[in-house]
Structures are given as C-alpha cells and as structure tokens.
Amino acid sequence: MTVARYLPNMPLASSSRLEMPIIATAASAMATSFNLPLRTARRSASLSSPSRRRSFGAKAEVQDSVGGLAADALAFKHVLLPITDRNPYLSEGTRQAAATTTALAKKYGADITVVVIDEKPKETIPEHDAQLSSIRWHLSEGGFQEFGLMERLGEGKKPTAIIAEVADELNLDLVVLSMEAIHSKHVDGNLLAEFVPCPVLLLPL
C-alpha cells in the first residue's frame, strides 16, 4: 500500500524500442508535484546517438502526459491525519503532517478526520487537553475550523492497527503521516503498507 500509481508498460516508437513502467509518487511535502522516473529497456545506447536523443524527447512527452493523469487520479475527498506523538504542542513532524493535510484538503475540497492514538488511557495523560487545543489551532491555521476528531486511547492496540481500522471504517482516500512516526517506532511502516486500504503519504523529516 503506497501512494504509487502504476500504469501499464508504454512502448514508444523509436529505434531503441523503449518499454517503461511509469510510477507516479508524491515528490514534495506539500504534494503538489510528482516525480515520474522512466526506466529504459536498453541502457547501453550511446548518449550522443540520434536515436538516444529522440528517445529522450519521447520520454519528456510521456512525463508530461502521465503527470496530468497522476494528478487527476489523486483527487482525495477524505483525508486522515493520525496523531501518535505525546507532545502537547505537537512535534515538528506532526505539525508538518497537519500543514500538508490542510493543503491537500483545500486543493481537492476534501474532508479531514484526525485520529489521536495513544496506548495509555485518557485519564493518565495529563496534557491531553492541551494537545487537542494544539491540533485545533494548527488545523485552523490551515483554514479548517471544522474537522472530524476521533480519540483511540488506552485500547491496547498498536497505532498501526488503529490507523488501518479507521481508514477501512471511514473509507478514506489518503492517510498523511510523518516519517517521524516510523522512526520513533510508534508506527510500523511494513504493517502500514500491508493493511491500510488506501494510499499513505509519508512525509520526510
């Protein structure tokens, strides 16, 4: 489960007979552009040969057309923002994820649901209310005073399992998460990819 979108092989009419699996992925924290790497079937051709130059021109045309298709395909209507850190003012990675979520939701006219996840029960988290206030403030800064809010606290489940459950129950289109959650071991990236039924946008730190 990734944000990658796979399109079938597209042979191009040139003497080098290119066949390129094209992969569209999110290439920036704000998810406004896509990196579309193209791999040729023959890598040994000379860079200076006319056929090689023609193949580069053909690749550029394919990149432009596929970039538009990828942007249309990633039209999200319901985005999930999981909060797994315990910082009452939100960690840098969580703030980045919140900003990216509001930017995407604005672009596509999507709804936002925030799920706050902690293995501890609410009564044992002294700064829980402060964290909720921080979440509201950051989403408000992004233009969202209204959003869905879920709290999954003290259930004895791993955050990864809860994210997968919520994504499935709400039929979500996208999960936005900072790599910080992976590095801190709050979320298991392998299980996330296996069980979350929608694309997951992992933001680099």
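## A lysine over a ring, and a ring pair

K107 lies over the face of Y108, at 5.6 Å from the ring centre; a charge is taken to sit over a ring if NZ of Lys or CZ of Arg is within 6 Å of the ring centre and within 35 degrees of the ring normal. This is a predicted model, in which local features need pLDDT of at least 70 and side-chain atom pairs count only at pLDDT 80 or more, while totals for chains, interfaces and linings use all residues. Residues are numbered from 1 along each chain as its sequence is written, and side-chain values use heavy atoms, with hydrogens and water left out.

Y108 has a ring partner too: F76 and Y108 form an aromatic pair that is edge-to-face, 5.4 Å centre to centre, with 80 degrees between the planes. The rule pairs rings of Phe, Tyr and Trp (its six-membered ring) if their centres lie within 6.5 Å, and calls planes under 30 degrees apart stacked, over 60 edge-to-face and the rest tilted. By this rule the count comes to 1 aromatic pair. F76 lies in the loop between α1 (50–73) and β4 (78–83) and Y108 in helix α2 (residues 92–108), so the pair ties together parts that are 32 residues apart in sequence. Both F76 and Y108 are buried, where buried means under 20% relative accessible area, exposed over 50% and partly exposed in between (1.4 Å probe, protein chains only).

## The chain as a whole

How many helices and strands does the chain have? The secondary structure comes to 6 helices and 8 strands; these are DSSP runs numbered from the N terminus, with helices as H or I of at least four residues and strands as E of at least two. From the N terminus on, the elements run β-β-β-α-β-α-β-α-β-α-β-α-α-β.

Buried residues make up 43% of the 205 residues in the chain. Among contacts (heavy atoms within 4.5 Å) with a separation of 6 or more, residues 24 or more positions apart account for 70%.

## Buried residues in helices and strands

Helix α4 (159–169) has P159, T160, I162, I163, A164, V166 and A167 as its buried residues. These pack against β4, β5, β6 (148–153), β7 (174–178) and α6. After α4 comes N171, whose phi is positive, near 55 degrees.

In helix α2, L104 is buried, with a relative accessible area of 2%. The C-alpha atoms of L104 and V176 are separated by 9.7 Å, although the two are 72 residues apart along the chain. Helix α3 (residues 128–141) holds L132, which is buried at a relative accessible area of 8%. L132 touches V116, L149 and E151, not counting residues up to four places away in sequence. From L132 to L149, 17 residues along the chain, the C-alpha separation is 9.4 Å.

Strand β5 contributes D118, a buried residue with a relative accessible area of 9%. Leaving out residues up to four places away in sequence, D118 touches R86, I125, R152, L153 and G154. D118 and T84 are 34 residues apart in sequence and 6.4 Å apart in space, C-alpha to C-alpha.

## Two loop residues with positive phi

L90 sits in the loop between β4 and α2, and its phi is near 70 degrees, a positive value in a residue other than glycine. K185 also has a positive phi, of about 70 degrees, although it is not a glycine; K185 lies in the loop between α5 (179–183) and α6.

## The largest pocket

K185 turns up again here: the largest pocket is lined by 15 residues, of which E119, P159, K185, H186 and V187 lie nearest its centre. On a 1 Å grid over the protein atoms alone, a pocket is an open set of points where a 1.4 Å probe fits, with protein on both sides within 12 Å along at least five of seven lines, and lining residues have an atom within 4 Å of a point. The volume is about 230 Å³, meaning the space filled by probe spheres set on the points, with grid points joined across faces, edges and corners.

Which elements supply at least two residues each of the lining? They are β5 (111–118), α4 (159–169) and α6 (189–195). By class, the lining has 5 nonpolar, 4 polar and 6 charged residues. Ala, Val, Leu, Ile, Met, Phe, Trp, Tyr, Cys and Pro count as nonpolar, Asp, Glu, Lys and Arg as charged, and the others, Gly among them, as polar.
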